[in-house]
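Please have a look at the sequence and the model before I go on.

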Amino acid sequence: MQGTVATYDSATRSGTVLLDDGAELAFPAAAFDASGLRLLRLGQRVRIEHDESGHVKRITLPTFD
């Protein structure tokens, strides 16, 4: 699934993503930490990986594997 970064707090390493259908999805610091990224910018496209219950487990750039 992909979306656009709507908010990102570098102090807490968490934020929200707007999905392509307009829904807002929060991601925790653990999902950002799992990505290996150093920062996110507002408006940046990201790929979201989630578990079976829908909790975000990793957020990465669409071009990374």
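What you see is a predicted model, and the chain averages a pLDDT of 92, with 97% of the residues scoring at least 70. Among the elements of the chain, the highest mean pLDDT, 96, belongs to strand 1, residues 2–9, while the lowest, 93, belongs to strand 5, residues 56–60.

Let us stay with strand 1, where we find Asp9. A polar atom of the Asp9 side chain lies 2.8 Å from the backbone nitrogen of Ala11, and the C-alpha atom of Asp9 is separated by 9.4 Å from that of Leu39, which is 30 residues apart from Asp9 along the chain.

In the loop between strand 1 and strand 2 there is Arg13, which has a positive phi of about 60° although it is not a glycine. Most residues other than glycine have a negative phi. Arg13, at 31% relative accessibility, is partly exposed as well.

Now, which residues touch the most other members of the largest nonpolar core? Of its 14 residues, they are Val17, Phe27, Phe32, Leu40, Val46 and Ile59. Two or more residues of this core come from each of strand 1, strand 2, helix 1, strand 4 and strand 5. Leaving aside residues up to four places away in sequence, Ile59 touches several residues, including Val17, Phe27, Phe32, Leu40 and Val46, and also Ser35 and Arg47.

Methods
Residues are numbered from 1 along each chain as its sequence is written. This is a predicted model: local features need pLDDT of at least 70, side-chain atom pairs count only at pLDDT 80 or more; totals for chains, interfaces and linings use all residues. Side-chain values use heavy atoms; hydrogens and water are left out. pLDDT is the predictor's confidence in each residue, from 0 to 100. Helices (H or I, at least four residues) and strands (E, at least two) are DSSP runs, numbered from the N terminus. A polar contact is a pair of N or O atoms within 3.5 Å; within protein, one must be able to donate a hydrogen and the other to accept it, and residues adjacent in sequence count only if both atoms are side-chain atoms. Buried means under 20% relative accessible area, exposed over 50%, partly exposed in between (1.4 Å probe, protein chains only). A nonpolar core is a set of buried Ala, Val, Leu, Ile, Met, Phe, Trp, Tyr and Cys residues joined through side-chain atoms within 4.5 Å. Contact means heavy atoms within 4.5 Å.
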